[in-house]
Amino acid sequence: MPQAPPVDHPPDSPPVCDYEGADYQTRFWEQSDRAYEDQVEAIALQRLLRGERGQWLLEIGAGAGRNTPRYHGFARVVLLDYSRSMLREAQTRLGQSSRYIYVAANAYHLPFADGFFDAATMIRVLHHMAEPQRALAEARRVLRGGGLFILEFASKRHLKAILRYWLGRQSWSPFSLEPVEFLPLNFDFHPRAVETWLREAGFRVERRLTVSHFRLAWLKRVVPTRVLVALDALAQLTGDWWQLTPSVFVKARAVPEEPPPSPRPRLHFRCPACGHTPLAEHEDRITCPSCGRIWAIRDGIYDFKTPIHEPRR
Ligand SMILES: C[S@@+](CC[C@H](N)C(=O)[O-])C[C@H]1O[C@@H](n2cnc3c(N)ncnc32)[C@H](O)[C@@H]1O
């Protein structure tokens with residue numbers, strides 16, 4: 001994926017893996033043989049979301065909305081992605097529904113008030129984060145105490161990597177805690193490092209599911225998908241004992257816990273540049289009364305990537 005410098009963010013803002021205009025959903029999911037991965041992720045999400053209810057769920061890095069229909073227990077879902085084109089794909093896929101709100105913004109600078117969301121998810125996104133701790137801290141900031149966080153991350157400590165390392169066919173160790181950047185802005189993380197970052201960000205890990213035990217091209221060719229999916233569904237349950245898969249799902253809770261808030265019929269925005277809240281919302285734009293930035297609301301997408309009006313000097 002091409003790399004773009006984030007627009008209108010502090011100079012120390014980490015780089016972003018830019019999916020603008022990418023044909024990710026079609027090429028990666030629909031034209032490639034990934035039915036197995038999609039189905040086992042659906043099972044993991046269903047398990048981790050069982051019994052979870054709330055008003056507002058934030059999907060960070062929602063992409064084309066592949067997982068969005070899986071968030072049944074939440075009245076409103078905010079799809080946030082850095083790529084406008086991915087959000088447009090999501091709009092087409094999900095159709096007209098007041099249940100969904102689309103926001104183009106950077107996961108490192110979420111444009112929402114502190115403690116607003118009851119839940120957040122981040123699936124197949126952390127692996128693009130050069131500074132995962134900052135992204136996790138932002139997720140924690142917008143969650144209320146007791147809020148649910150479901151994180152999927154790409155693990156470096158999986159069986160294939162271990163075997164390759166032992167056979168001398170891979171230089172990096174799957175056992176060491178530092179991330180491995182196998183392509184520009186594509187990282188695999190050590191499960192223990194991710195748990196440490198989650199704790200430091202203010203989360204308590206409740207449950208882990210290991211996912212995609214059988215992600216091997218030859219195996220997927222010879223064994224029917226439904227068999228691999230059934231086996232993976234069983235093996236996922238070992239996630240709290242050991243994690244040796246390329247994908248790990250973690251269910252975490254924002255601490256300290258607080259009583260659920262009263263109903264919030266509207267989304268509470270916060271200026272991603274100066275941090276002011278609340279912002280003033282108009283039909284076609286949203287403005288920050290503090291710094292003067294104005295962002296467009298275009299074709300149903302709140303666009304916080306680039307202000308259409310720069311701040312007062
Ligand atoms: C691999 S796709 C996953 C999409 C979706 N979560 C799924 O599982 O199908 C990664 C997504 O993360 C988004 N993304 C990457 N870095 C981001 C950032 N800093 N802020 C917001 N979105 C980001 C990309 O635009 C892309 O849509």
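Select Arg204 to begin: this residue is partly exposed, with a relative accessible area of 38%, because partly exposed covers what lies between buried (under 20% relative accessible area) and exposed (over 50%), with a 1.4 Å probe and protein chains only. The model is predicted, so local features need pLDDT of at least 70 and side-chain atom pairs count only at pLDDT 80 or more, while totals for chains, interfaces and linings use all residues. Residues are numbered from 1 along each chain as its sequence is written, and side-chain values use heavy atoms, without hydrogens and water.

Arg204 forms a salt bridge with Glu257, and their closest N and O atoms are 3.3 Å apart. A salt bridge is a side-chain nitrogen of Lys or Arg within 4 Å of a carboxyl oxygen of Asp or Glu. This pair links distant parts of the chain, 53 residues apart: Arg204 is in strand β10 (residues 203–211) and Glu257 is in the loop between β11 (247–254) and β12 (280–281). Helices (H or I, at least four residues) and strands (E, at least two) are DSSP runs, numbered from the N terminus.

Next, select Lys220 and Glu37. Their salt bridge has its closest N and O atoms 2.8 Å apart. The two residues are 183 residues apart in the chain, with Lys220 in helix α7 (residues 217–222) and Glu37 in helix α2 (residues 35–49). Both Lys220 and Glu37 are buried.

Then go to Glu178 and Lys156, a salt bridge with its closest N and O atoms 3.9 Å apart. Glu178 is partly exposed, at 44% relative accessibility, whereas Lys156 is buried, with a relative accessible area of 1%. The whole structure holds 28 salt bridges.

Move to the ligand and show what surrounds it: 21 residues, the closest being Gly61, Arg66, Asp81, Ala107 and Ile123. A residue counts as near if one of its heavy atoms lies within 4 Å. Select Asn106, where an N or O atom of the side chain is 2.9 Å from a nitrogen atom of the ligand. At Ala107, a backbone N or O atom lies 2.8 Å from a nitrogen atom of the ligand.

Finish at Trp166, in helix α5 (residues 159–166). Trp166 is exposed, with a relative accessible area of 62%.

Technical notes: A polar contact is a pair of N or O atoms within 3.5 Å; within protein, one must be able to donate a hydrogen and the other to accept it, and residues adjacent in sequence count only if both atoms are side-chain atoms.
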